[in-house]
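Here are my notes on this one, written as numbered points. Have the model open while you read.

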Amino acid sequence: MSQERIMDVIDQARDFHTRLAEYYGTLSAETDKVRVKILLDYLGEAEQRHEEALEVYEKQVSHDVTDTWLQFPPNIGVEDYLAPAELTHEMDAEAVLREVLRLDERLSELYREVVKRAHSKRIKEVFTNLLETNEKEMRNLARDFGHMHDW
């Protein structure tokens, strides 16, 4: 079994958002498709906000929570949930959205796994809150993309 401190899980989620923001920025600069560029710029800004929110959240959570160790199943660690995106600048907006939603679902799976494995009620609350926030963002992204698709 692999073990991770709660603080490390949050740090890795923050790093995940940071890397995605940078990745979306790079792809946005490379694409010549207007809708894809708008979507990637929007996603990059959203990822920056997620990273900043996790940083604030991490500071608000007590050390007895962040210093708690959590066991993951054999051969599965946090990094397995947060695999890199499989996007290219040639993709259309729908393909980008599908991949982004896949990545967000993986992050939700990580949060669900922490909730399932946590023994502390406070840790369950923290990650349930993160899960609900992530799922709300997924719904908002799909809704906003639907509006963008109309034009």
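1. A definition to start with: buried means under 20% relative accessible area, exposed means over 50%, and partly exposed is anything in between, using a 1.4 Å probe and protein chains only. By that scale R122, at 38% relative accessibility, counts as partly exposed.

2. Some housekeeping. This is a predicted model, so local features need pLDDT of at least 70 and side-chain atom pairs count only at pLDDT 80 or more, while totals for chains, interfaces and linings use all residues. Residues are numbered from 1 along each chain as its sequence is written, and side-chain values use heavy atoms, with hydrogens and water left out.

3. On to the nonpolar core (a set of buried Ala, Val, Leu, Ile, Met, Phe, Trp, Tyr and Cys residues joined through side-chain atoms within 4.5 Å). The largest one has 38 residues, and those with the most contacts inside it are I6, Y24, L43, V96, Y111, V114 and F127. Four helices each supply at least two residues of this core: α1 (6–30), α2 (34–60), α5 (93–117) and α6 (121–149). The largest share, eleven residues, comes from α5. For the labels, helices (H or I, at least four residues) and strands (E, at least two) are DSSP runs, numbered from the N terminus.

4. What does I6 touch, leaving aside its neighbours within four places in sequence? Taking contact as heavy atoms within 4.5 Å, the list for I6 is V65, T66, T68, L70, V114, I123 and F127.

5. L43 is found in helix α2 and, at 3% relative accessibility, counts as buried. Not counting residues up to four places away in sequence, L43 touches Y24, V96, V100 and L141. As for Y23, L43 is 20 residues from it in sequence and 10.0 Å away in space, C-alpha to C-alpha.

6. Helix α2 also holds H50. Is H50 buried or exposed? H50 is buried, because its relative accessible area is 18% and the cut-off for buried is under 20%.

7. Now the charges. Side chains of opposite charge can pair when their charged atoms come close. Here a salt bridge is a side-chain nitrogen of Lys or Arg within 4 Å of a carboxyl oxygen of Asp or Glu. A search of the whole structure finds 16 of these salt bridges.

8. One of them joins R112 to E135, with the closest N and O atoms 2.7 Å apart. R112 lies in helix α5 and E135 in helix α6, so this pair ties together parts that are 23 residues apart in sequence. Both ends are partly exposed: R112 has a relative accessible area of 33%, and E135 has 24%.

9. Back to R122: its side chain meets that of E125 in a salt bridge (3.6 Å, N to O). Both residues lie in helix α6, three residues apart, about one turn of the helix. E125 is partly exposed too, with a relative accessible area of 37%.

10. R143 and D144 also meet through their side chains in a salt bridge (2.9 Å, N to O). R143 counts as partly exposed at 44% relative accessibility, and D144 counts as partly exposed at 24%.

11. Last item: a network of salt bridges links D11, R14, E51 and E58.
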